[in-house]
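Visitor: Good morning. I am new to this structure and would like to talk it through with you.

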Amino acid sequence: MANLNSAIDSVFWDQNVSSPQTLEGTARSVPGEPFPLDGARASRSHRIQQLSLLREGFPLGIIPSFAPASDKRLGSFSLNSLLLSPSSNNWWLGLVGQFKPKKLFADIKADISNAEEWDLQVVKDTAKHIVDKSLYSIGLWTQLALGTSSSLLLSTERLGDKNGLRNKLMFVHPLEKHDLTVEAAWPDLFLDNKGRFWDVPESLNVDVSSLVPESGLRYRFGLHKSRGNPQPVNPAAAGSGSDAPTSLMPGLCAKAAVSYKANRDLWRPQEKEDNTEEEDTPKFLPYDLRLKEPHAAISGIVGSSLAAWITGRGMLVNGKKRSPISADVFGSACYTFQKGRFSKLYGDLTRVDARVDLPSASALAKRIFHAFRRSSGSNNSDDTSWSPRLNLIFQQQVAGPIVFKVDSQFQVGAARMDDLIYSLNYSLRLLESGKIVAWYSPKRKEGMIELRVFEF
């Protein structure tokens, strides 16, 4: 069923969403805002690991992606490739390159069109365009195994159309029943619910999380520190509302969250013990073990969060003083219906997930209170955090392991669509529950190809 863990992950700082804006292929959703689409969640595997497997199925190991550039002449289309990937028993390194061909082809075409005849000068001008550094981006990743379970990941990348480096450090140490994660980024990339990207100059997160259960209790606590004022990645696109999200402003914050998740089957066929009548019937393995049973089910998660600002508590944010302590309640409820076992060549999978998200119970209560008082100020507010979101996820088998999927999100309070993602999924039987996903977001005008494992 739809991933309900978005509810607790979104109130923290490590809810990664897929985005080709960086070579890493991820950005963070802004904490405190409505939960992102289920189809927007980033893969659990690092982008460098995805490219090492994806290149086997693409000509010359080149994987395309789409992402708007700050310089429109560069275009949105880019080509990505894993250039080097040496490794040993406890260490690996990867070098990734990216090339945006639009500006190069346009400049060469203009030179040839303006040239009266083909001579040495035209060749020299063409060579200058080829070495234009704005066309190329490069990223370097390395991971070290520290002991039997801990690991340290370092990454740095330079984008051709931007100045400076983008760096990240992540330390992961699994405890007996928890995971300890320390992550630092400078700058850190965030994506808000309006489709705008923000760079936070410095970000540091220390997070302790209980293991993710199929159902039951989960909790998290940690510290988050951000430094420097958030800057829009594309100032022109952010012009309609240039105020940075409140939770991205500088300060040191301690945060804790707890949630409880429950699942209940409404209908699920029972396995037959006597198969004597079906001995001659051929059996096919499902393309995805997580999609092998037709069923109808309901699930839900409810939780609460508490945040305390240790520094930056008196800061003015969007004309209002930041509250030193805040608490909230969040939750999601989901209905799932699946027809088919996803094992035949055609017509063996139709699946619908309908999920309602309530990101902020306190914001909804304030909205209802002001509505009863007929406060005109609240009616004109652009803040939509109070509104529940309806997520509809539709999946239909096209042929064999290929599935067409549509993720959509509607703002219930305003009766309008918030986001939409189309994707084609190619399930890989060898990975039991892995797939190659090619998705496109009309809202962000972005698209990329990913490898995802044990995810919907």
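Guide: Let us begin with a term: a salt bridge is a side-chain nitrogen of Lys or Arg within 4 Å of a carboxyl oxygen of Asp or Glu. Please note also that this is a predicted model.

Visitor: How many salt bridges does that rule give?

Guide: The count comes to 24 salt bridges. One of them joins the side chains of D407 and K405, at 3.8 Å from N to O.

Visitor: Why does K405 count as buried, and why does D407?

Guide: Buried means under 20% relative accessible area. K405 is buried because its relative accessible area is 3%, and D407 is buried because its value is 1%.

Visitor: Which residue does R351 pair with in a salt bridge?

Guide: R351 pairs with D353, and their closest N and O atoms are 3.1 Å apart. Both of these residues are buried.

Visitor: And D265, what is its partner?

Guide: D265 meets R268 in a salt bridge of 2.9 Å, N to O. D265 has 44% relative accessibility, so it counts as partly exposed. R268 is partly exposed as well, because its relative accessibility is 29%.

Visitor: Let us change topic. Which residues make the nonpolar surface patch?

Guide: The patch is made by L217, Y219, F221, V258, Y260, V302 and V329, and covers about 620 Å².

Visitor: Which strands each supply at least two of its residues?

Guide: Those are β13, residues 216–227, and β15, residues 251–267. The largest share, three residues, comes from β13.

Visitor: Where is V329, then?

Guide: V329 is in strand β19, which runs through residues 325–339. Its relative accessible area is 40%, so V329 is partly exposed.

Visitor: What is N3 in contact with, apart from its neighbours within four places in sequence?

Guide: With those neighbours left aside, N3 is in contact with D38, R41 and R355.

How values were computed:
Residues are numbered from 1 along each chain as its sequence is written. This is a predicted model: local features need pLDDT of at least 70, side-chain atom pairs count only at pLDDT 80 or more; totals for chains, interfaces and linings use all residues. Side-chain values use heavy atoms; hydrogens and water are left out. Patches are made of residues with over 30% relative accessible area and no salt bridge: like charges are joined within 9 Å, nonpolar side chains (Val, Leu, Ile, Met, Phe, Trp, Tyr) within 5 Å. Accessible areas come from the Shrake-Rupley method with a 1.4 Å probe; for residues, only the protein chains shown count as cover. Helices (H or I, at least four residues) and strands (E, at least two) are DSSP runs, numbered from the N terminus. Buried means under 20% relative accessible area, exposed over 50%, partly exposed in between (1.4 Å probe, protein chains only). Contact means heavy atoms within 4.5 Å.
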